[in-house]
Amino acid sequence: MEHVVLVDQQNAVLGTLPKAEVHTLETPLHRGFSVFIFNALGELLLQQRSFGKVTWPGFWSNSCCGHPALGETVAEAIQRRVRAELGMQVYDLFEALPYFQYRCEYGGVVENEICPVWLARTLDEPVPNPLEVAATRWIPWQNFKQVLDADAAGRYSPWCKLETSLLEEKVADFLSRVGG
């Protein structure tokens, strides 16, 4: 059974709860992570969240999100979740937004996370786990920003939109450093 780590505003551990019990209208603040994965062409991997997910089912989002376990580093959690959701390995992990925090609600479920945002590279093609991911696609970063700007229907997760708005310089620097 997967657990999430409950924290206070200073990110100090308060305890854990089973993941299945956390996401409600009263979701406590907890640790998460978000990662944007790029291929050798510098394209961003997007995923459509499984329609069976409790939080934002069927929404398109950044490459992978999840929750580090107690005692697990975020980098370890990213590797674990990327393997589980996308059947991929990532490298060149870079913590782009270490202090990102958000709270949003949809369909009677609240997300409330201290959620560092990471960038990563891969040489792999996704092999999505259908319990986690409905679809994937690669898109150039600049095109993705235009897609988000034009998303009047709200088909993308709110955290993905918020994170993307803060990542412009970080992504350009990351891709230039790693040859993307």
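Start by selecting D92, which sits in strand β8; strands here are DSSP runs of E with at least two residues, helices are runs of H or I with at least four, and both are numbered from the N terminus. Phi of D92 is near 55°, a positive value in a residue that isn't glycine. D92 is partly exposed, with a relative accessible area of 37% (buried means under 20%, exposed over 50%, partly exposed in between, using a 1.4 Å probe and protein chains only).

A quick word on what you're looking at: this is a predicted model, where local features need pLDDT of at least 70 and side-chain atom pairs count only at pLDDT 80 or more, while totals for chains, interfaces and linings use all residues. Residues are numbered from 1 along each chain as its sequence is written, and side-chain values use heavy atoms, with hydrogens and water left out.

Next, jump to N11, in the loop between β1 (3-7) and β2 (13-18). N11 isn't a glycine either, yet has a positive phi of about 70°. Its relative accessible area is 29%, which makes N11 partly exposed.

A pocket here is an open set of points on a 1 Å grid over the protein atoms alone, where a 1.4 Å probe fits and protein lies on both sides within 12 Å along at least five of seven lines; lining residues have an atom within 4 Å of a point.

Now for the largest pocket, with a volume of about 350 Å³.

Six of its six residues are buried, so β10 is largely enclosed by the rest of the structure. Color V109, E111 and E113 on one side and V110, N112 and I114 on the other to see both faces covered.

What pairs with β10? Strand β9 (residues 101-106) does, in the antiparallel sense over six bridges, and Q101 has I114 as its bridge partner. (Strands pair if DSSP finds at least two bridges between them.) Two residues separate the strands in this hairpin, where G107 takes a positive phi near 60°. Strand β3 (residues 30-31) pairs with β10 too, in the parallel sense over two bridges, with H30 opposite E113.

Last stop: helix α5 (residues 168-177), whose buried residues are V171, F174 and L175. They cover an arc of only 95° around the axis, so they lie on the same side of α5; the arc is that of the directions from the helix axis to the C-beta atoms. Turn to the face away from this buried side and you'll find the exposed residues E169 and S176.

Notes: Grid points are joined across faces, edges and corners, and a volume is the space filled by probe spheres set on the points.
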